[in-house]
Each structure stands twice: as C-alpha cells, then as structure tokens.
Amino acid sequence: MYNKDVVGELTSIEIPNNITRIGDYSFRSQYLTTLNVPDSVTEIGDSAFNACTKLTEITLGSGVETIGQWAFSGCTQVATITSMAMV
C-alpha cells in the first residue's frame with residue numbers, strides 16, 4: 001500500500017508486470033499525474049487511486065476486467081483515459 005506520506009512527491013509509479021491485482025486503497029498521492037496499468041493487472045480495487053487529485057492521464061492494460069467502487073474517486077483532473085481491455 002502506498003500513500004502520500006510513503007510515496008512523497010512522485011509523479012508516476014511503475015507497476016511491475018507480474019502484479020495481477022491493485023488492492024483497495026493502494027495509492028493515494030496528490031502528486032501522481034500519469035498512470036499506466038500493465039496488461040497483467042486484472043482487478044483494480046475499491047478506492048485504489050482515491051484522491052489522486054493531480055492525475056490527468058490513465059492507461060489501462062488489456063487484462064483489466066474489474067474496477068472497484070470509487071477506484072478513481074476524487075481524481076478531478078483526469079482528461080484522458082485509454083483502455084486496452086476488451087469491452
């Protein structure tokens with residue numbers, strides 16, 4: 001789990017390709033601006049990126065099947081969401 005106290009002022013975080021699930025409340029950073037979710041991730045948990053207020057760009061890999069409640073709640077600056085997942 002990451003939070004603003006642990007992550008600090010990082011503007012991006014690289015999620016390893018072997019991760020299959022991003023857990024509930026995993027990331028909370030007021031500095032995160034871009035997010036690239038790898039193809040290996042199948043689930044994004046509840047409130048996983050809640051309150052990432054500077055997040056502007058999200059790319060979801062092809063493996064994403066489930067996005068939890070409020071996963072991106074409070075991400076008020078998101079301008080672009082790209083999904084490689086089949087709908």
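Mentor: Two strands are taken to pair if DSSP finds at least two bridges between them, and strands are DSSP runs of at least two residues, numbered from the N terminus. With that in hand, and keeping in mind that this is a predicted model, the sheet can be described as an open one of 3 strands, in the order β1-β3-β5, with parallel pairing. Because β1 (21-22) and β5 (66-67) stand at the edges with a single partner strand each, one side of each is left without a neighbour in the sheet. The pairing of β3, which covers residues 43-44, with β5 is parallel and runs over 2 bridges; in one of the residue pairings, E43 has T66 of β5 as its bridge partner.

Turning to the cysteines, a search of the whole structure gives 0 disulfides. C52 is in no disulfide, and the nearest cysteine sulfur to C52, that of C75, is 5.0 Å away, whereas a disulfide would require the sulfur atoms to be within 2.5 Å. C75 is likewise in no disulfide, its nearest cysteine sulfur being that of C52.

The serine, S29, lies in the loop between β1 and β2 (34-37), and at 2% relative accessibility S29 counts as buried. Its side chain reaches the backbone nitrogen of Y31 at 3.1 Å, and the S29 side chain also reaches the backbone nitrogen of L32, at 3.4 Å.

Methods. Residues are numbered from 1 along each chain as its sequence is written. This is a predicted model: local features need pLDDT of at least 70, side-chain atom pairs count only at pLDDT 80 or more; totals for chains, interfaces and linings use all residues. Side-chain values use heavy atoms; hydrogens and water are left out. Helices (H or I, at least four residues) and strands (E, at least two) are DSSP runs, numbered from the N terminus. Buried means under 20% relative accessible area, exposed over 50%, partly exposed in between (1.4 Å probe, protein chains only). A polar contact is a pair of N or O atoms within 3.5 Å; within protein, one must be able to donate a hydrogen and the other to accept it, and residues adjacent in sequence count only if both atoms are side-chain atoms.
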